[in-house]
Amino acid sequence: MFDTVYIRPILETGPSFLKFQKNPENEPYFRQFGQAFTACAGEQPGYEFKIRAALSEVLLFIWKKSQMLPPRKMPDIQEARIKRMLEYIDANISNAMTVKEIADTVSICPRECQRIFGRYLHYSPMAYVQRRRIFTAARLLSETNSPLTEIALSCGFQTPSYFSKQFKQLTGSTPREYRAAVRKNK
């Protein structure tokens, strides 16, 4: 029910993004987000419940805000193209790839591929690929004991040092630090 009423409508027809500026109208959003952050940082007994409650309020605020905006509907052809391009990226995450190769999966030119990614995903195709690689690596770091070099190569990075640099740039920690933090919190 929760998913059907609140999450799915935002993801499927809600706005591509919402920008919250500090003003009295958006104060509840920032207050609840701050409460979640404070509870997370303090880790007092039961902090998980406080985080859940605060983030639920944030989600409700976002849901209400999105109800006031016109629904976003991606044209069916664009949706099908994005789906096939993302499937290609996921299937080839360990391989080098170019915008042209991604575009070729749906028979469009590289420039149109860039326009579609920018309009609907808010990233360039290669920035999306890079983020996808980092998120895949983060999952592998938390779920496996594989060496960092093996994870780097399996996620399409040519060298472990470049992998570490890109990982830290996106997550704020090195792969080794990330793995240690995840294990500490399990």
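Modeller: Let's start with Lys100 and Asp104, which both lie in helix 5 (residues 99-104), 4 residues apart, about one turn of the helix. Helices here are DSSP runs of H or I with at least four residues, strands are E runs of at least two, and both are numbered from the N terminus. Before we go on: this is a predicted model, where local features need pLDDT of at least 70, side-chain atom pairs count only at pLDDT 80 or more, and totals for chains, interfaces and linings use all residues. Residues are numbered from 1 along each chain as its sequence is written, and side-chain values use heavy atoms, with hydrogens and water left out.

Biologist: What makes Lys100 and Asp104 a salt bridge?

Modeller: The rule asks for a side-chain nitrogen of Lys or Arg within 4 Å of a carboxyl oxygen of Asp or Glu. The closest N and O atoms of Lys100 and Asp104 are 3.0 Å apart, so the pair passes.

Biologist: And why is Lys100 called partly exposed?

Modeller: Buried means under 20% relative accessible area, exposed means over 50%, and partly exposed is in between (1.4 Å probe, protein chains only). Lys100 comes out at 48%, so it is partly exposed. Asp104, at 41%, gets the partly exposed label too.

Biologist: How many salt bridges does a search of the whole structure find?

Modeller: It finds 5. One of them joins the side chains of Glu27 and Arg31, at 2.7 Å from N to O.

Biologist: Why are Glu27 and Arg31 said to be separated by about one helical turn?

Modeller: Because they sit 4 residues apart in helix 2 (residues 27-42). Glu27 has 35% relative accessibility, so it counts as partly exposed, and Arg31, at 37%, does as well.

Biologist: What about Arg115 and Glu112?

Modeller: Their side chains meet in a salt bridge too, with 3.0 Å from N to O. They are 3 residues apart in helix 6 (residues 110-121), so about one helical turn separates them.

Biologist: Is Ser146 buried or exposed, and how do you know?

Modeller: Its relative accessibility is 19%, so Ser146 counts as buried. It lies in the loop between helix 7 (125-143) and helix 8 (148-154). Leaving out residues up to four places away in sequence, Ser146 touches Ile151 and Arg179; contact means heavy atoms within 4.5 Å.

Biologist: Last one: why is Lys165 called exposed?

Modeller: Its relative accessible area is 57%, so Lys165 lands in the exposed group. You'll find Lys165 in helix 9 (residues 160-171).
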